[in-house]
Structures are given as C-alpha cells and as structure tokens.
Amino acid sequence: MAPDFQWRHGLCLDDKDNEVMGLDLNYSATACYRCFNLSTLANHSCTWSTSDETRNHKRIKKTSMIDESSGSSSSLCNSLNSLPRLQFRDHVWVYTQRYLAIEAMEEAALAMMAGKDTEVKEEGNGDGMKLVQQLIACAEAVACRDKAHASALLSELRVNALVFGTSFQRVASCFVQGLSDRLALVQPLGAVGVVGPAAKSMAITSERDESLSLVYEICPQIQFGHFVANASILEAFEGESLVHVVDLGMTLGLPHGRQWHNLMQSLVNRSGKVPKRLKITGVGNCSERLGEIGDELKRYADGLKLNFEFLAVEKSLETLQAKDINVEDGEVLVMNSILELHCVVKESRGALNSVLQRLHQLSPKVVMLVEQDSSHNGPFFLGRFMEALHYYSAIFDSLDAMLPKYDTKRAKIEQFYFAEEIKNIVSCEGPARVERHERVDQWRRRMSRAGFQSVPIKMLMQAKQWLRKVQTCEGYTIIEEKGCLVLGWKSKPIIAASCWKCS
C-alpha cells in the first residue's frame, strides 16, 4: 500500500478561516509563511486517503490552528508594527499562490505518492517522504518570498538530495539547484515583480552536446519522435518526385542528422520509384553547425546514390519568414519540429501564433510536431513546480530502470541534460524561460488557431513493434490519444507526436 501523504495544515483552510485571516491583511500576508513548516506538518496534518471519510479531500477542514495562533497573535502583531505596510496586491498574490498550490499538489502529489511509478512508494514513510515534504515546503517559501525559511530548507535539502542516491534523490538534487537559483533572484515582499534579473538561458556546451547524444542513444524519447515523424513524412512523399523537408531546429542540435539518415534509407529501400531529388532545409542559429550537418548528410546521400540538396537558414524560429524557405514549383513540402516549438511559446499568446501563421503561408502538405506532454508553462510558479516534479520523477525513474546507480552516462544525462531543463523551468522567468512544455490538448488548440487541422496518426501497432525492437526496459508504453501517439513511462505521458495539415 502506498504511504499516506501528509499536508501542512496551513494549506487546509475553509472559507470561514479565510474570512478570519482576512480581517487583518497585514498579519495574514506576512504570517502565512509561518504556517509553511515541517513542525506544523508533523502536528497538524490532513491525510490523503481513498477511504470514504476523506474522499472529499478538496473540501477544506477546520483544525485547531486558528485557536492556537490566536493566543500568540498579539505578540505577532506587535512585532509586525515595525514592518512596512504591504500593498493589497501582495495579499492577493499570496492567497492566489496558496490556492493554486492546493490544486496542483492534490493532483501531482497523489500521482507521485499513491502511484506505482515512483521511488517514494518503495521508501515508505521514511527519508523519501521527508524529502518530498521538504521540497514542497521550500518551493512554497520561495513562492512566498520568505528567504530565511527557504534558505534553511535548502541547507537541509542539499544534505538529503544526493546526486548519486535513489532516483527521487537524484531528481530532487536538480530541483534544489533550480530553487537555489530562483531564491537568489527573489525580491522582497512589497517589491514589484517576483524575480529580479533574468536568469541565464540554456547555452550550447560540450557537456550538453554529449549528454544530448547519450539521451538519443539510451532513452527512447527522441528516437520515438523521429520514428513517428519519418513514417508520416514517407506517407506524404508517396509517389512524389520532388520532395522537400524543412527541419525547424535542425535535429535538436545533434551532431549528426540521424533522423534524416533513416528517412533517406527508407526512401531508397521502399517499393516504388525513388524521388528525383530530396531537399532538406535546416533552420537554426549556428551556421557552422548547420554546414557540418549538411556536409555529413550529403556524404550519406551520395553513398545511397540519392540526389540530395541541403540548404541552411541561419535564423531563429521567431525571426523566420516564409520568404526564407526556397520552395520550387512541383515540390511537396513537409515541416518537421522535434522538441523545438515550445521554446517559441511566451507569456503572450501571439508569439507562437505568429510563427505558425508564417509556416502556414508555405502551405506544407504535413507538419510533424513532437513535444513533451506536460504542463510546464502555467502562469504560477507552484503549479509549474509540482507538474515538473511529477514529470521528471517519472523520467529519472525510467533512467534508474535502464542504467546502474553509478553509471557515468546516467550522471551526464541527468546533470547536463534534464537538470538544465529543470533549472530553466524552476528558476527562470521572462525570455530566459524557454522550456515551456504544454500538453497535447493545448497544442491542439494552438495549431487550430493558426489554421492547421489534425491528421490522425494510424500506426499504433507499428509504434509498439518499434518499441519492442529498440529493446528499452519494461515500463515504457505507447498509446493513441485523439489521433496522436503518446510515449509514456508507466502511467505518465512523456512525449506526444502529432501530425497537421493546412485547413
């Protein structure tokens, strides 16, 4: 049986309790952080359960905390007289964060603690449970801009979240790094904004290049995207003579065009006529890398005796224009985006829509979209934190099943690839936050607004056969969901592949 997950009493307030606390806003906004601590968790808790008594856990229960706190309210109010008077927006912001925390924690934590796909279940009510509680408490303190409490919790977390520990300790160490970076940028309560200067964006380094190659070789996520995309592209190229692929992001920055090796091989080996010419246009910010990939693809195509042309467009997706893509008469155009378009999503809805509308102007036959299937772009930090914790816990659990504890490759994948994503989600805001993953339903709405129509991917059996062929460990699953194919680890969706055409 999964261990009971106990929540701090500070998050279990009903409407009347909120009215009581609302009588003195200066007290409530400042003192609410004091109830976010582990001692309160130990003494006053609400226990998650599937029994009839706690089935309606979303209804918030009264406890004795109000009575206990009333006795010390006079001393607290005296100490608060010396503090600057807070703005009303601070109180609204604090209560909004706490309300969203309840919803996010209920959904994500129930899945993490009660599901069969987490490390915490195996650890029972011991260190693993305490680590989860400390992580959530620290995230709350950071969200409430309580630097003293957050710093104290981070000190404890650095001791318990071991880089070479259990799978949950390892993922926790990445979140500790992100929380530490975010805390360093937090402004005091009463200031405008939540964080100060933008954190540095994810840079291309030799360590990240190596870790990306390891992710491709060991984990099935990227290979799954390539397999589904190539199968759909081959179907679109059936019987065509001049075929053209626009690769948005150019193979994720992998040093070789591995996806296009497989496509070339399939074009040459399949029955029917071979296209007279295959053209690939690579879009990216690094002309040198694009040139290297283009030369490598040219040599590979020559070995297959395939007429091949490569064009490089040195631009970001935000600045890419339809005129930058050279489409000739008679060409069949397809577009390919593997884990790229989420980086274009911004706070404003128009950023991605503008990019998609410019792509729509080229009238591609199909657009292949492969993205992380998780909600890491919510407007509130605590919600994003819990979603990311659930998502990456599943990924680290899969790595634990595939690689030994002290494997060097595993450490590089975790610390140089996934840790960078986690830190970007947790610590960055504004333009620096580029890991804005969204669920497939949200992508469906975005693509529809831009004038694209879903094309069902009908190859579930082939995808399952592919998964058995690549010989990953047991636990990975592939399901079909509303015309999309979703790769998951046990019950948690990881990557979703979808296909689109112009309406």
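How are helices H10 and H17 oriented to each other? They are oblique to each other; angles under 35 degrees count as roughly parallel, over 145 as roughly antiparallel, 65 to 115 as roughly perpendicular and the rest as oblique.

## The model

This is a predicted model, with residues numbered from 1 along each chain as its sequence is written.

## The chain as a whole

The chain has 19 helices and 11 strands. Helices (H or I, at least four residues) and strands (E, at least two) are DSSP runs, numbered from the N terminus. Of the 503 residues in the chain, 55% are buried. Buried means under 20% relative accessible area, exposed over 50%, and partly exposed in between (1.4 Å probe, protein chains only).

Contact means heavy atoms within 4.5 Å. Take the contacts between residues at least 6 apart in sequence: 79% of them join residues at least 24 apart.

Two packed helices are described by the angle between their axes and the distance between the axes. Axes are lines fitted to C-alpha atoms, for helices over the stretch in contact, and angles run from 0 to 180 degrees between N-to-C directions.

Helix H10 spans residues 167-185. Its axis comes within 9 Å of that of H17, and the two cross at roughly 40 degrees. The crossing is right-handed. A crossing is left-handed if the near helix is turned anticlockwise from the far one by less than a right angle, and right-handed if clockwise. On the H10 side, the contact residues include Val171, Phe175 and Leu179. On the H17 side, they include Ala411, Ile422 and Val426. By class, this contact has nine nonpolar, six polar and six charged residues. Ala, Val, Leu, Ile, Met, Phe, Trp, Tyr, Cys and Pro count as nonpolar, Asp, Glu, Lys and Arg as charged, and the others, Gly among them, as polar.

## H11 against H17

Helix H11 (residues 206-218) also meets H17 (residues 408-427). Their axes come within 8 Å and cross at roughly 110 degrees. That makes H11 roughly perpendicular to H17. The crossing is left-handed.

Leu212, Leu214, Val215 and Ile218 are among the H11 residues in this contact. Ile413, Phe416, Tyr417 and Phe418 are among those of H17. By class, the contact has eight nonpolar, one polar and six charged residues.

## Cysteines

A disulfide is a covalent bond between the sulfur atoms of two cysteines. Here the cut-off for the pair of sulfur atoms is within 2.5 Å. The structure holds zero disulfides. Cys473 is in none, and its nearest cysteine sulfur, that of Cys219, is 9.3 Å away. Cys473 is buried, at 19% relative accessible area. Cys144 is buried too, at 2%.

Lys305 sits in the loop between helix H14 (287-303) and strand E5 (308-314). Its phi is near 60 degrees, a positive value in a residue other than glycine. Lys305 is exposed, at 78% relative accessibility. Ser363 lies between helix H15 (350-360) and strand E7 (366-372), also in a loop. Its phi is near 50 degrees, again positive in a non-glycine residue. Ser363 is exposed, at 52%.

Pro275 is in the loop between helix H13 (258-269) and strand E4 (277-284). Pro275 is buried, at 5% relative accessibility. Not counting residues up to four places away in sequence, Pro275 touches Glu240, Ser241, Val243, Leu267 and Leu306. Leu306 is 31 residues from Pro275 in sequence, and their C-alpha atoms are 8.3 Å apart.

Notes. This is a predicted model: local features need pLDDT of at least 70, side-chain atom pairs count only at pLDDT 80 or more; totals for chains, interfaces and linings use all residues. Side-chain values use heavy atoms; hydrogens and water are left out.
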